[in-house]
Amino acid sequence: PHAIRLEGDLTLGGLFPVHSRGPAGVPCGPVKKEKGIHRLEAMLYALDQVNGDPQVLPNLTLGARILDTCSRDTYALEQALSFVRSLLPPEGGEGRCPDGSPPRRPPPERLVGVIGASASSVSIMVANVLRLFA
């Protein structure tokens, strides 16, 4: 539920603590304006600058999938796994449409890197998981 997606030829992932840690049993608490929203806005601004200059990446646009870590390391790891799931084939095999044709699926997301998380301990955990999937 805490995600932003921008379409592009190449996708950058982002993991930022937009919300603070929630109380027991709730992953997310109140919004973190300085350390959360500012980092999110910085990434969006950088994407705007790169995509707005045709000499930086000619004929390519950068997209983004930015996820909230809610300042919780285990939640950040779960969010990072959603990047991995976007690269895997859909469950249940190929399947068929009612008319017998194969289903039309969007092409796999071309995730080229992940920015974040804000804490080194979280970044190390996320990097170790993402490294397994190149």
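The model is predicted, so local features need pLDDT of at least 70, side-chain atom pairs count only at pLDDT 80 or more, and totals for chains, interfaces and linings use all residues. Residues are numbered from 1 along each chain as its sequence is written, and side-chain values use heavy atoms, with hydrogens and water left out.

**Exercise 1. Describe the secondary structure of the chain and the order of its elements.**

Begin with the terms: helices (H or I, at least four residues) and strands (E, at least two) are DSSP runs, numbered from the N terminus. By these terms the chain has three helices and six strands. Reading from the N terminus, the order is β-β-β-β-α-β-α-β-α. Next, consider contact, which means heavy atoms within 4.5 Å. Among the contacts between residues at least 6 apart in sequence, 66% join residues at least 24 apart.

**Exercise 2. Find which residues of helix α1 are buried, and work out how they are arranged around the axis.**

First check the length, for which the expected span is 1.5 Å times one less than the number of residues. Helix α1 (residues 33-52) has 20 residues and should span 28 Å, and its end C-alpha atoms are 26 Å apart, which agrees.

Then sort the residues, where buried means under 20% relative accessible area, exposed over 50%, and partly exposed in between (1.4 Å probe, protein chains only). In α1, the buried residues are Gly36, Leu40, Met43 and Leu47. Seen down the axis, these buried residues of α1 fall within an arc of 60°, so they line one face of the helix; the arc is that of the directions from the helix axis to the C-beta atoms. The general rule is that an α-helix has 3.6 residues a turn, so residues three or four places apart point the same way.

Finally, look at both sides: the buried residues of α1 pack against β1 (3-6), β2, β5 and β6, whereas Lys33, Glu34, Lys35, Tyr45, Asp48 and Gly52 are exposed on the other side.

**Exercise 3. Repeat the analysis for helix α3, and name the elements against which its buried residues pack.**

The 12 residues of α3 (residues 120-131) should span 16 Å, and the end C-alpha atoms are 16 Å apart, in agreement. Here Val122, Val126, Val129 and Leu130 are buried. They cover an arc of only 95° around the axis, which puts them on the same side of α3. This buried set packs against β2 (10-16), α2 and β6 (111-116), while the face turned away from it carries the exposed residues Ser120, Ile124 and Arg131.

**Exercise 4. Identify the disulfide, and determine its handedness.**

A disulfide is a pair of cysteine sulfur atoms within 2.5 Å, and by this rule the count is one. The partners are Cys28 and Cys70, with their sulfur atoms 1.7 Å apart. The torsion about their S-S bond is about 70°, so the disulfide is right-handed. The pair links distant parts of the chain, 42 residues apart, with Cys28 in strand β4 (residues 28-31) and Cys70 in the loop between β5 (62-68) and α2 (73-85). Cys28 counts as buried at 13% relative accessibility, and Cys70 counts as buried at 0%.

**Exercise 5. Decide whether Ser82 is buried or exposed, and list its contacts.**

Start with the location, which is helix α2. With a relative accessible area of 14%, Ser82 is buried. Leaving aside neighbours within four places in sequence, Ser82 is in contact with Arg65 and Leu67.
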